[in-house]
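Open the model in your viewer and get ready to click along with this tour.

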Amino acid sequence: MTVHETDLQLVDALQVNPRAPWVDVGAVLGVSAVTAARRWQRLEEQGLAWVHAAIGPELSMGAILEVKCALNDTEGVARALARFPNIITVGATTGDFQVFAVLLATDLSALMHTLSRDFAPISGAVQIRHNIFRLLYGGVHWRQGLLPPGAARPVEQSPTARSAEQGATARTRGVRPLGVRDRALFGRLNRKGRATPAEIAADLGAAQHTVRRRITELAASRQIIFRCDVARPLFDLPLGVYLQLRAPDTTVGPVAAELGKWRETRLCANTISASNIILVVGLHQLSELEEVQARIVRDFPGVTVEDRRVILRYEKIYGRILDEQGRCTDTIPVDPW
């Protein structure tokens, strides 16, 4: 299946500003707002692209689970883990631990409870290794980078983009922290990231102005982030690689923060484990892995690559259940509460 060039550019524009008005998206593409909206609707209906809300990386506490599976049970284990709403991403990999899963929790106590109880009964799981992290670095916003310089200016300058840039100011004004009271709102935005305040208010039975204000607060303070994701194998990103790095304890935080800024990064976590950084990257071809490893060694003296695994397929990405071509077939809204 081939994705049309205009659709690639449409996704690129929404990766710049996932909630940009259609009139601004259309201006980037040189089409009407109606045409831009219609093309997006088709991409969504085919499971090729979607917009959703994610919890800000700085607020994302959790663990990366590595699961060693019984013979021929990898697919069953991955599917079982994908059904948990507090597990945002699941992938099957090469190596001795054939499945990894990213778990979110609201606090350390809840995380400890979940790790000690919830996953023991999963059939086919021979061993589960826990890599706890306090926050995530980068990877939430990634772009294909297809639009030429300056072409995305209409969506960069739209009101939704400007409000997101005011995060530091909003944070100092005492915005209520994201919490269980936002559970239903976040669930709707995770399922449908471009839902309007009117649509969400009708769904929740709440006042539209209340919903609008809370979305603005959470987005401006970066407690939630909107992202546009795609069926990656069909958008010329067929290869995911899972890396485990070891950095000196005195530099692990800064190293993880810098890795989080790399264009290839899809997830980076400073973990409490033997390999204290877990990095997931998206690549076009296997030869690019050599370049990534060479950059790590060059840019971060003392950092070693302890393990590397090819991601054979994603079962789930931030709440979306995927088929073998990476297309969204179902949604399990993320719920760390």
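Select Trp50 and show its side chain. Buried or exposed: which is Trp50? Trp50 is buried, because its relative accessible area is 3%, and buried means under 20%. Keep in mind as you look around that this is a predicted model.

Now colour the strand that holds Trp50: strand S1, which covers residues 49–55. Next, ask the viewer for the neighbours of Trp50. Leaving out residues up to four places away in sequence, Trp50 touches Trp40, Arg227, Cys228, Asp229, Val230, Ala231, Arg320, Leu322, Gly326 and Cys328. For a sense of distance, pick Gly145 as well: Trp50 and Gly145 lie 95 residues apart in sequence, and their C-alpha atoms are 17 Å apart in space.

**Next stop: Arg227**

You will find Arg227 in strand S6, residues 224–230. With a relative accessible area of 7%, Arg227 is therefore buried too. What does the side chain of Arg227 make a polar contact with? Show Asp229: its side chain is the partner, at 2.8 Å.

**Into the cores**

Select Ile64, Leu189 and Tyr318 together. In the largest nonpolar core, which has 35 residues, these three touch the most other members. A second, separate core has 24 residues, and you can pick out Leu10, Val51, Cys228 and Val230 among them. In soluble globular proteins, nonpolar side chains tend to be buried together.

Go back to Ile64 and show what surrounds it. Not counting residues up to four places away in sequence, Ile64 touches Ala101, Val102, Arg129, His130, Asn131, Phe133, Tyr242, Leu267, Ala269 and Ile278.

**Zoom out**

Switch to the cartoon view of the chain, where there are 13 helices and 12 strands. Along its principal axes, the C-alpha trace spans about 50 × 45 × 40 Å. A compact globule of 337 residues would have a radius of gyration near 20 Å, and the chain agrees with this, at 20 Å.

How much of the chain is buried? Of its 337 residues, 53% count as buried.

Definitions and conventions: Residues numbered from 1 in each chain as written. Predicted model: local features only at pLDDT ≥ 70, side-chain atom pairs only at ≥ 80, totals over all residues. Heavy atoms only, no water. Core = buried A, V, L, I, M, F, W, Y, C linked by side-chain atoms within 4.5 Å. Buried < 20%, exposed > 50% of the residue type's maximum accessible area, 1.4 Å probe, protein only. Contact = heavy atoms within 4.5 Å. Helix = DSSP H or I, 4+ residues; strand = E, 2+ residues; numbered from the N terminus. Polar contact = N/O pair within 3.5 Å; in protein donor to acceptor, adjacent residues only side chain to side chain. Rg over C-alpha atoms; globule rule 2.2 N^0.38 Å.
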